[in-house]
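Please look over the model below before reading on. My notes follow as numbered points.

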Amino acid sequence: MKMKINKQSLEEQATEFIRDMIVSGQLVMGDKIVESSLSKELELSRSTVRMALNSLSHEGLVVQKPYVGWHVFTLSDDDLWELYNLRVAIESQAAVMAAEKATQEDKDELNRIHKEFCELCATGKLDLINVCQKDFELHRKVVEISKSNKFIKIYEQISNQLKSYIKLTHNDYDLSQSGISHTGMVEAIIAGDVDRAWLESKQNITTFTDLSLHSKK
């Protein structure tokens with residue numbers, strides 16, 4: 001495994017590369033990460049890899065255990081409950097703010113992403129990673145349209161953890177209707193209907209009960 005990188009930004013690119021390995025499922029929850037092995041694979045210094053891992057620890061994607069070393073994060077039922085409720089709180093409020101603040105450019109971009117999402121799901125060649133990425137791209141756009149920098153920052157952290165979790169556990173989900181299921185939320189935001197935007201956004205998020213059932217399989 002080799003990473004083509006720009007020598008001017010080694011730490012940032014190493015961080016992005018390792019993050020992608022976790023989110024895509026190449027590194028799964030609980031996996032041990034050995035600095036020396038990873039630095040050799042990526043052809044980077046251990047200090048660069050260590051700085052990247054420190055950055056990812058602030059995102060909640062890796063943890064450093066005393067006398068044990070680095071591991072990919074794990075999620076308990078309590079963690080899932082917290083992530084679910086954080087996501088509901090942020091996304092539903094962001095949808096309200098997006099319905100209030102969306103410019104025509106915002107609406108056009110939201111429509112474009114939703115159209116691409118629906119087309120992806122209609123191809124019949126469904127891949128969980130691609131569908132998950134497009135799903136979170138749409139939701140992130142809603143959060144961006146809310147114009148709340150704090151919401152965006154928190155959402156980035158919890159969405160990366162959830163993407164990694166979903167890749168590992170949701171292989172039996174019916175993906176074909178995923179894009180269409182977001183239609184109500186998109187329509188409400190574009191119409192400026194704050195009440196419907198709040199309700200549609202809340203209903204669209206995978207429930208904690210579903211997450212818990214998958215975690216026990």
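1. Two strands pair if DSSP finds at least two bridges between them. Strands (E, at least two residues) and helices (H or I, at least four) are DSSP runs, numbered from the N terminus. In β3, Gly69 is the bridge partner of Lys65. Strands β2 (residues 62-65) and β3 (residues 69-72) run antiparallel and are joined by four bridges. Their hairpin has three residues between the strands, and Tyr67 there takes a positive phi near 65°.

2. A word on the source. This is a predicted model: local features need pLDDT of at least 70, side-chain atom pairs count only at pLDDT 80 or more, and totals for chains, interfaces and linings use all residues. Residues are numbered from 1 along each chain as its sequence is written, and side-chain values use heavy atoms, with hydrogens and water left out.

3. Helix α2 (residues 35-42) packs against helix α3 (residues 46-58) at about 110°, with the axes 9 Å apart. That makes α2 roughly perpendicular to α3 (angles of 65 to 115 degrees). Glu35, Ser36, Leu38 and Ser39 of α2 meet Arg46, Val49, Arg50 and Leu53 of α3 (contact means heavy atoms within 4.5 Å).

4. Gln161 sits in helix α7 (residues 149-169). Is Gln161 buried or exposed? Gln161 counts as buried, because its relative accessibility is 10% (buried means under 20% relative accessible area, with a 1.4 Å probe and protein chains only). Leaving out residues up to four places away in sequence, Gln161 touches Glu59, Gly60, Leu61, Phe73 and Leu83.

5. Ile22 touches Leu27, Leu61, Val62, Val72, Phe73 and Ser164, again not counting residues up to four places away in sequence.

Conventions:
Axes fitted to C-alpha atoms, helices over the stretch in contact; angles between N-to-C directions. Parallel < 35°, antiparallel > 145°, perpendicular 65-115°, else oblique. Buried < 20%, exposed > 50% of the residue type's maximum accessible area, 1.4 Å probe, protein only.
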